[in-house]
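I opened this structure for the first time today and kept notes as I went. Here is what I looked up, entry by entry.

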Amino acid sequence: MDTQLNASPAATGGPARPCRDREATTRRILEAATVLFAEHGYDHVTMRMIANAAEANVALVNRYFGSKAGLFAEVLASRSPLESVIEGDIEGLPARLAAHVARRLSAETADPVARAIDRAGSSPEIRVILRQRVESAILGRLTDRLEGPRARERATLATAIILGGGSLRRTFDQDAAQDLDLASLERRLTAMFTACLTP
């Protein structure tokens, strides 16, 4: 479906039709994959489902992304609000991390990428992708931001809290948000992240 028309205006007797934009097609595929992975989980989504939702050819999806695992990796890399949370000023990092985790737990965010991660499954290829993503987007970034001794250890503790929120949501789904006081949760999580990140 991502065809290009190379005929010149003179050959067709009029202006050339615009070519399909590869970036737009790639974006459609990524958006469709994100929604489907979030709704159905990695194991239950096929490349044909993604191609149909993106109005693209299956061969084109394979050409752009190589495999379903490759496409899943691109979905994870496409956007992450957590990365901007980590990149802010270091003094406010515990409070920003607390607000991020609290919003996920309280269901105030419907981030489809987070949902796709929550429903990723446990196949070996996915574990490798998730590990690489946790390292590049969370653990490694936190380690790089921290000064003082045992930075990796402190970053690991903070990462465990962040990922633990996803585990809780996977286990209890919407029930995890029942009776949560967001302000109280943020205060407690801020104290926890402060304790983890302080040298």
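**Entry 1: the whole chain.** I began at the N terminus and read off the elements of the protein chain, which run α-α-α-α-α-α-α-α-α-α-α. That comes to 11 helices and 0 strands. Helices here are DSSP runs of H or I with at least four residues, strands are runs of E with at least two, and the numbering starts from the N terminus. I noted that this is a predicted model, where local features need pLDDT of at least 70, side-chain atom pairs count only at pLDDT 80 or more, and totals for chains, interfaces and linings use all residues. Residues are numbered from 1 along each chain as its sequence is written, and side-chain values use heavy atoms, with hydrogens and water left out.

Entry 2: I looked up how much of the protein chain is buried: 41% of its 199 residues. Buried means under 20% relative accessible area, exposed means over 50%, and partly exposed is in between (1.4 Å probe, protein chains only). Then I checked contacts, meaning heavy atoms within 4.5 Å. Among contacts between residues at least 6 apart in sequence, 66% join residues at least 24 apart.

**Entry 3: helix α9.** I picked α9, residues 124–145, and found that its 22 residues reach 30 Å from first C-alpha to last, close to the 32 Å expected at 1.5 Å a residue. The expected span is 1.5 Å times one less than the number of residues. Where does α9 bend? I found a bend of about 45 degrees at glutamate 135, taken as the angle between axes fitted to the seven residues ending there and the seven starting there.

**Entry 4: α2 against α5.** Next I looked at α2 (residues 22–40) and α5 (residues 68–78), whose axes come within 10 Å and cross at roughly 95 degrees. The axes are lines fitted to C-alpha atoms, for helices over the stretch in contact, and angles run from 0 to 180 degrees between N-to-C directions. So I wrote down α2 and α5 as roughly perpendicular, the word for 65 to 115 degrees. On the α2 side the contact is made by Ile29, Leu30, Ala33, Thr34 and Phe37, and on the α5 side by Lys68, Leu71, Phe72, Glu74 and Val75. I sorted the residues of this contact into 7 nonpolar, 1 polar and 2 charged. Nonpolar covers Ala, Val, Leu, Ile, Met, Phe, Trp, Tyr, Cys and Pro, charged covers Asp, Glu, Lys and Arg, and the others, Gly among them, are polar.

**Entry 5: two isoleucines.** Is isoleucine 161 buried or exposed? It counts as buried, at 16% relative accessibility. Isoleucine 161 sits in α10 (residues 151–172) and touches Leu189, Met192, Phe193 and Cys196, leaving out residues up to four places away in sequence. I then turned to isoleucine 117 in α8 (residues 112–118), which counts as partly exposed at 32%. Isoleucine 117 and tyrosine 42 are 75 residues apart in sequence, yet 8.8 Å apart in space, C-alpha to C-alpha.

**Entry 6: positive phi.** I found glutamate 55 with a positive phi of about 55 degrees, although it is not a glycine. Glutamate 55 lies in the loop between α3 and α4 and is exposed, at 55%. Arginine 150 also has a positive phi of about 55 degrees without being a glycine. Arginine 150 lies in the loop between α9 and α10, exposed at 57%.

Definitions and conventions: Parallel < 35°, antiparallel > 145°, perpendicular 65-115°, else oblique.
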